[in-house]
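Thanks, everyone. I have one structure to go through today, so please look at the sequence and the model before I start.

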There are 2 protein chains.
Amino acid sequence: MKILEALKEILPEERVSTNHTVLEQHSSDESYHTPHLPDVVLFPENAEEVSRIVKVADKLEVPVVSYGLGTSLEGSMIPHKGGIMIDFTLMNKIVEVRPEDFLVRVQPGVTRVQLEKELRKYGLFFPVDPGADATLGGMAATNASGTTSVKYGIMRDNVRDLEVVLPNGTIIHTGNLAAKSSSGYHLNGLFVGSEGTLGCFTELTLKVHGIPEYSMAGRAAFDSIDNAVAAVISVLQAGIPVARVELVDEQSIRQINAFSETDYKEVPTLFFEFHGNEAGLEQDIAFTKEIVKDSGCKEFVFESDTAGKKRLWEARHNAAYAYLHGNPGKKQMVTDVCLPISELAGAIKDAREAVDSSGLLGGIVGHVGDGNYHILLMVDTENPMEMEKASEVNEQIVQYALARGGTCTGEHGVGIGKQKYQRKEHGEALDVMQAIKATIDPRGLFNPGKVVDMKS
Amino acid sequence: MKILEALKEILPEERVSTNHTVLEQHSSDESYHTPHLPDVVLFPENAEEVSRIVKVADKLEVPVVSYGLGTSLEGSMIPHKGGIMIDFTLMNKIVEVRPEDFLVRVQPGVTRVQLEKELRKYGLFFPVDPGADATLGGMAATNASGTTSVKYGIMRDNVRDLEVVLPNGTIIHTGNLAAKSSSGYHLNGLFVGSEGTLGCFTELTLKVHGIPEYSMAGRAAFDSIDNAVAAVISVLQAGIPVARVELVDEQSIRQINAFSETDYKEVPTLFFEFHGNEAGLEQDIAFTKEIVKDSGCKEFVFESDTAGKKRLWEARHNAAYAYLHGNPGKKQMVTDVCLPISELAGAIKDAREAVDSSGLLGGIVGHVGDGNYHILLMVDTENPMEMEKASEVNEQIVQYALARGGTCTGEHGVGIGKQKYQRKEHGEALDVMQAIKATIDPRGLFNPGKVVDMKS
């Protein structure tokens with residue numbers, strides 16, 4: 001009660017909610033992880049309000065969790081210790097577009113699609129595309145990436161500055177507007193991917209790119225996943241600057257066809273995209289065709305018009321939803337390892353065998369140009385045996401990756417699901433992370449138990 | 001004496017030096033900053049030895065400074081509190097090349113040119129090119145960049161993993177071999193650019209690239225710096241993926257011609273390079289020619305053969321040495337600000353005026369595609385009035401950049417010279433940096449007084 005009173009001194013009543021439906025909306029994400037209610041949901045409108053909220057939380061020792069749109073796949077923002085949930089919905093303004101500088105300044109609640117629409121007016125686009133229409137604040141918190149990262153980098157590469165409210169209420173900037181800097185320690189990199197454990201983001205300055213003069217997209221069909229992966233490696237080796245290269249297995253194409261009403265051939269497929277000038281692309285594509293043919297590509301179909309390209313990428317992005325739609329009542333456990341590319345074929349083969357022997361339905365999609373792939377495992381969260389089997393598959397996949405210099409999470413973040421692998425993956429470097437966490441958030445109130453569990 | 005005894009238990013006598021000449025060799029860098037002797041110079045051969053050295057330093061509270069080749073331009077490794085200097089000369093092995101993964105593992109004493117030679121055998125190259133033949137360990141410590149960063153990124157973008165000996169002697173890895181990761185806090189980014197203040201690097205895993213199929217280089221001559229800068233902005237706006245675009249002013253071309261025996265037209269010039277496939281480059285170059293002509297380019301001369309391209313970039317890289325050679329007895333104070341590109345023309349104009357009114361000799365060269373430029377100010381370090389004038393020019397240039405969202409150092413690092421701007425540039429974020437420093441190096445023994453001065 002004391003906390004509610006204190007909060008109502010900061011925000012008007014209508015922006016402080018303990019309504020059960022609202023609490024419930026903020027209790028879960030898109031993952032299989034167990035929901036948990038926050039005690040109160042707040043809707044601040046600016047950094048100053050966030051700072052005041054945080055100071056109250058600090059004084060009364062109440063946990064603080066940030067909420068964008070709840071698209072996490074690892075329970076990153078499930079408030080499993082209750083406390084204050086800060087919802088950034090009302091901080092959704094595109095503050096400034098600086099086309100000459102290829103920069104945009106946004107509030108954390110701006111969504112990817114909202115930004116895309118605005119930038120198009122300037123001939124610009126923001127390249128990080130995790131599929132879901134997440135908020136930019138959430139994407140930065142998770143260090144999201146996606147289909148275009150093979151060319152344009154991940155979230156961390158495209159954040160130039162963050163305005164952050166620290167656990168003590170201080171408002172800092174982690175970067176600047178320059179394209180590069182060797183000044184001070186790299187706080188941008190530290191805060192991106194910290195999943196709300198070190199502070200709340202209240203503004204982001206992002207690097208944007210010119211919409212490419214010309215782009216081409218197509219599907220290359222293979223008779224085996226092995227051949228498809230081998231083709232990707234050959235294309236990368238040849239130095240062809242692909243903008244996207246995605247693996248979609250037979251199973252997943254089938255789900256996509258059913259959901260997106262496409263009629264793609266139901267075989268292991270690579271979805272390609274190329275950006276550049278017309279003459280350059282023609283040469284790149286001719287070369288790519290040659291290479292994938294040598295790796296056993298049976299058919300390479302290009303989408304010639306904008307509508308076809310749009311359909312192709314929507315279909316790819318909807319793969320996860322296609323599985324959910326096709327399997328009512330089930331939830332998804334999505335694996336997310338990333339390995340050095342030379343280890344990818346072996347990893348996928350091992351994963352496929354693990355899924356098959358588990359008896360679970362599971363499809364493979366992946367940002368294979370980065371060595372990152374996902375198994376979309378369909379599970380009934382009420383069925384303990386199924387959940388255990390799925391966990392075993394996930395475990396096997398992670399251990400395979402860690403033994404080969406990979407990471408337990410390429411882009412979904414640690415959240416709850418990858419907590420248990422942090423010590424194994426980082427070794428004594430985890431102590432350094434814990435020390436940093438303890439320094440910046442000494443009371444451990446910011447998204448407690450996530451990323452660095454102080455007990456690990 | 002106690003420290004020497006302890007060190008001689010770790011290393012054989014010939015790798016522990018207190019010889020005055022050796023101390024003197026490790027007392028300065030390539031900058032104008034005042035030299036200072038270390039007490040002892042050590043030559044370890046592996047991380048284990050470094051860890052043991054560091055533990056002794058910790059116990060006896062002696063400063064520890066790392067030394068690569070001494071090419072810093074900001075006094076980063078001048079041991080101005082004396083103590084132990086760790087020279088990484090003997091740790092100069094290329095441990096592993098993984099061509100399929102576009103990765104190379106090196107010891108910190110490997111130099112850029114040494115690496116380039118080895119990678120060429122695999123059709124690969126490491127893109128970060130600060131000009132000097134620095135060590136990779138030093139380049140990572142400073143977060144170096146250079147002419148190719150506009151396309152391939154800076155040091156921080158190309159470090160996949162570091163083996164670091166922490167101030168307490170623990171050996172950690174800051175990353176992994178995967179192309180991306182959302183696991184844990186981003187220690188790679190934190191340690192790159194920390195200038196030896198958080199630990200010693202004992203191994204680096206770096207991202208490498210395929211040598212481009214085709215490359216073209218040329219010089220575009222302008223009648224004013226303003227026009228040259230305007231041309232760069234237009235080329236970037238048009239989305240042409242230049243691999244390098246360097247501004248060299250009239251003054252600097254004159255020094256280059258004298259030093260490198262070239263006969264380049266002595267006017268403000270842009271040095272361009274393009275990487276890609278032949279057809280794509282032809283289209284890019286045709287488009288670039290059009291754009292620069294609109295911005296007042298008088299002549300665009302392409303180097304058709306490898307020798308011409310090599311000569312061009314050697315001449316550019318030797319610009320700083322050309323000034324030193326042409327002005328015997330003088331040293332260089334090199335400014336290093338980086339600004340959002342829309343502010344670049346104004347910044348350079350302001351800087352040119354500041355130099356002219358100081359009466360000092362000073363030329364402009366710059367990685368203008370990144371918004372980063374240098375004034376090479378020639379100074380007599382024994383002449384206090386000249387030093388003061390140079391400091392005033394540097395100060396004015398930095399303040400101009402900071403007032404416009406820029407940074408005091410784009411690539412040379414903080415060292416001694418940029419210490420005084422840290423509070424102004426980072427505001428309360430500096431407190432976070434200081435807290436991190438205090439956590440990782442609680443006794444403040446690692447390169448004391450650099451990057452984050454605990455008193456600022």
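Aromatic pairs: over all chains, the structure holds 12 of them. Keep in mind that this is a predicted model. One of the pairs is B:F125 with B:Y152, and its geometry is edge-to-face. The ring centres are 5.3 Å apart, and the planes make an angle of 90°. What does this pair tie together? B:F125 sits in strand 7 of chain B, residues 124-125, and B:Y152 sits in helix 6 of chain B, residues 149-152, so the pair links parts that are 27 residues apart in sequence.

Now chain A. The domain assignment gives domain 1 as 2-87, domain 2 as 98-210, domain 3 as 214-320 and domain 4 as 327-426. I will stay with domain 1 and domain 2 of chain A. Taken over C-alpha atoms, their centres are 22 Å apart. Domain 1 of chain A puts 15 residues into the contact, and domain 2 of chain A puts in 16 residues.

The area buried between domain 1 and domain 2 of chain A comes to about 1100 Å², with 65% of that from carbon and sulfur atoms. How many salt bridges cross this interface? The rule finds zero between domain 1 and domain 2 of chain A. For polar contacts, the count between these two domains of chain A is two residue pairs.

On the domain 1 side, helix 3 (47-60) and strand 3 (64-67) of chain A each supply at least two residues. Helix 3 of chain A has the largest share, seven residues. By type, that side of domain 1 of chain A divides into six nonpolar, five polar and four charged residues.

Technical notes:
Residues are numbered from 1 along each chain as its sequence is written. Chains are lettered from A and ligands numbered from 1 in the order in which they are written. This is a predicted model: local features need pLDDT of at least 70, side-chain atom pairs count only at pLDDT 80 or more; totals for chains, interfaces and linings use all residues. Side-chain values use heavy atoms; hydrogens and water are left out. Domain bounds come from an automatic or database domain assignment. Contact means heavy atoms within 4.5 Å. Buried area is the accessible area (1.4 Å probe) that two parts lose on being put together, summed over both. A salt bridge is a side-chain nitrogen of Lys or Arg within 4 Å of a carboxyl oxygen of Asp or Glu. A polar contact is a pair of N or O atoms within 3.5 Å; within protein, one must be able to donate a hydrogen and the other to accept it, and residues adjacent in sequence count only if both atoms are side-chain atoms. Helices (H or I, at least four residues) and strands (E, at least two) are DSSP runs, numbered from the N terminus. Ala, Val, Leu, Ile, Met, Phe, Trp, Tyr, Cys and Pro count as nonpolar, Asp, Glu, Lys and Arg as charged, and the others, Gly among them, as polar. Rings of Phe, Tyr and Trp (its six-membered ring) pair if their centres lie within 6.5 Å; planes under 30 degrees apart count as stacked, over 60 as edge-to-face and the rest as tilted.
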